Amino acid sequence: MEISFKGKKVLVAGGSRGIGRSIALAFAANGADVAICARGEAGVRKAEAELKRHGAKVFGTACDLGDEKQVTAMVNAAAAALGGLDVLVNNASGLGLKDDESGWQASVNVDLLGTARATRTALPYLEKSKGSSVINISSISGLMASARSVAYAAVKAALINYTMSQGLALAPKRIRANCIAPGSIEFPGGLWEDRKTADPKLYQSILDGIPWDRLGAPEEIANVALFLASDLAGWITGQTIVVDGGQSLT
């Protein structure tokens with residue numbers, strides 16, 4: 001069955017690289033107009049050029065999702081540039097892996113509050129759309145204990161719970177909210193590509209724990225995002241879908 005987003009307006013927060021870039025490209029390839037944001041201006045411009053190759057209307061801007069004023073301005077600017085919003089994808093992460101003040105602050109301020117800020121600002125636009133949805137990107141770390149990334153895991157768990165509450169709260173407005181929990185995803189310039197050379201023992205231990213004998217690709221997360229935003233998922237809300245090759249089963 002073919003999925004088309006022709007005429008739809010999609011905002012991907014944290015859309016310049018990795019999972020966010022792949023999600024943005026997937027929507028553009030399927031006919032959507034796409035807005036992206038990220039902290040780095042250069043990365044935004046590079047991704048913006050890739051998106052334009054699909055013939056979509058594209059808007060890109062640098063934004064610190066840890067700053068409420070910047071988030072509000074970014075979402076409003078994206079909606080103005082695209083002519084509304086039908087889908088919001090909250091993908092950005094502060095990658096607060098350490099169990100210290102900086103790690104907790106980065107995770108709470110970007111992963112959790114950044115998601116809440118973007119959603120809150122986008123709601124008036126999503127309410128005007130038919131079949132609108134919010135997709136939050138969490139992690140399988142939010143479903144289990146993690147001694148290696150305490151702050152990150154706790155906040156990703158909060159994001160999963162927040163998605164359930166969104167699903168309930170937004171149902172009367174006919175806005176669906178769902179979450180994707182990826183396993184370990186490898187891409188150029190990403191965390192796991194770095195660990196492959198910087199910490200090969202850790203990389204191998206992660207690989208050994210994945211039944212499918214490989215790390216995931218960003219495109220595999222993007223495919224699920226397309227499904228959740230489509231009419232095929234029209235009666236799915238408040239849910240978290242794990243995409244990890246069976247990693248969380250071990």
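**View 1. Helix α4 and the nonpolar surface patch.** Helix α4 (residues 101-127) supplies the largest share of this patch, three residues. The members are W104, V108, L113 and V150, and together they show about 270 Å² of accessible area. V108, itself in helix α4, counts as partly exposed at 31% relative accessibility. Partly exposed sits between buried (under 20% relative accessible area) and exposed (over 50%), with a 1.4 Å probe and protein chains only. Patch residues have over 30% relative accessible area and no salt bridge, with nonpolar side chains (Val, Leu, Ile, Met, Phe, Trp, Tyr) joined within 5 Å. Keep in mind that this is a predicted model: local features need pLDDT of at least 70, side-chain atom pairs count only at pLDDT 80 or more, and totals for chains, interfaces and linings use all residues. Numbering runs from 1 along each chain as its sequence is written, and side-chain values use heavy atoms, leaving out hydrogens and water.

View 2. E41 pairs with R45, their closest N and O atoms 2.7 Å apart. A salt bridge here puts a Lys or Arg side-chain nitrogen within 4 Å of an Asp or Glu carboxyl oxygen. The two are four residues apart in helix α2 (residues 41-52), so about one helical turn separates them. Helices are DSSP runs (H or I, at least four residues), and strands are too (E, at least two), numbered from the N terminus.

**View 3. A salt bridge between helices.** E68 and R120 meet at 3.6 Å, N to O. E68 is in helix α3 (residues 68-82) and R120 in helix α4, so the pair ties together parts 52 residues apart in sequence.

Terms used. Patch = residues over 30% accessible without salt bridge, like charges linked within 9 Å, V, L, I, M, F, W, Y side chains within 5 Å. Areas by Shrake-Rupley, 256 points an atom, 1.4 Å probe, with all protein chains shown as cover.
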